[in-house]
Amino acid sequence: IWIKQDSGNTWRNVTDDLHLPALCASEIIRNPFDHDHLIASTASGVLKSGDYGTGILESFNNGASWAIMPGFENTNAMTIQKVIADPTDTNPANGITLYAISNEPGNGKDKIYKSDNSGLDWYVFQGPHEDSLFNVHLMDIEINDQGTIFLAGDPKWSEIHGKFYKYESGQWIELNGSTQVDSFRHVRFSKPYGGKMYLLCDGILDNSKKRRIFKTTDYGANWNIIHDTLNPAWQSEIAYSPVSNIVYIGSVDLHVFKDDGVYQTYDIKPLHVDVRDFDIIGTSNGYEKVLIATDGGLTLASVDTSDITNINLANLNGNH
């Protein structure tokens, strides 16, 4: 994990003091009620997860230094693909509610972990019971403001389909393979805002291998396909900005479109190819700022919210 210095175009490594090689940080989140408390999951693998990680890390000084979270069983659950905070936990008197998804090596069944007290204690949260869950690696999890949990897994083997579930009213419901959402190889969620959420699928139905985007506006009760023109890619990230009404899609480049019923897509070529991750960090003077991580560095894109074809790029790689 690296932190950008306040002065100069330089970065500093903030996890070397842990003496953990190949740390494999996979996700970083901020405690919504404590600005200085950061939490990071760790999992190896770029295209799909491997069997190495160091569990969950945390920082209490806004990322200046890090330590292994003592309350998490890092020895037995090392490979954590993602950690999230429950947005329905609005009274953190006893700590925030966290969820984490693990990738078990070999033929193990992946697990969902939950903490009710900011990570001081964890337990296994009951996941779907289907035997087919043994055939997938859990890769994404999100929760909307009504408490519905969305869970997705990519296949461990090429001939197996991915899985897409939601958890509400105390039960898991499988959503893929239905008339709403076709079968797929890879799936990622956008962060939910109200009832609106997007689903990015690389499909395998009838060998079409299309990249499809589904949208729900009723908290996941119904899904409508809004896009199927993009080619599939290993990179599968999607985010929606409620401020600009822009949807961002990670692929070889970054693709953008307005959620206006037309969905005309434009490319952002972020100074290097293969988008690994991106983050919407706010708006300024009519431009939305997006950090884009590729396998060649870090780019800051400024997207004109009134004309998404007008995009300015800045290289944030640093001096070295």
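Me: What makes the link between the side chains of Lys 114 and Tyr 99 a polar contact?
Reply: The distance does. This is a predicted model, and in it the two side chains are joined at 3.2 Å. A polar contact needs a pair of N or O atoms within 3.5 Å, so the pair qualifies.

Me: Why is Lys 114 called buried?
Reply: Its relative accessibility is 14%. Buried means under 20%, so Lys 114 counts as buried.

Me: Where does Lys 114 sit, and which residues is it in contact with?
Reply: Lys 114 belongs to strand β9, residues 111-115. Leaving aside neighbours within four places in sequence, its contacts include Thr 97, Leu 98, Asp 121 and Trp 122.

Me: Why would residues of one strand end up on two sides?
Reply: Because side chains in a regular strand alternate between the two faces of the sheet.

Me: How do you know that β19 and β20 pair?
Reply: Count the bridges. Five join β19 (residues 237-241) to β20, and pairing takes at least two, so they pair. The two strands run antiparallel, and Ala 239 has Tyr 248 as its bridge partner. They form a hairpin with four residues between them, where Asn 245 in the turn has a positive phi of about 65°.

Me: What about β20 and β21, how many bridges join them?
Reply: Five, and these strands run antiparallel. Tyr 248 stands opposite Val 256 in β21, and a hairpin links the two strands through three residues.

Terms used
Residues numbered from 1 in each chain as written. Predicted model: local features only at pLDDT ≥ 70, side-chain atom pairs only at ≥ 80, totals over all residues. Heavy atoms only, no water. Buried < 20%, exposed > 50% of the residue type's maximum accessible area, 1.4 Å probe, protein only. Polar contact = N/O pair within 3.5 Å; in protein donor to acceptor, adjacent residues only side chain to side chain. Contact = heavy atoms within 4.5 Å.
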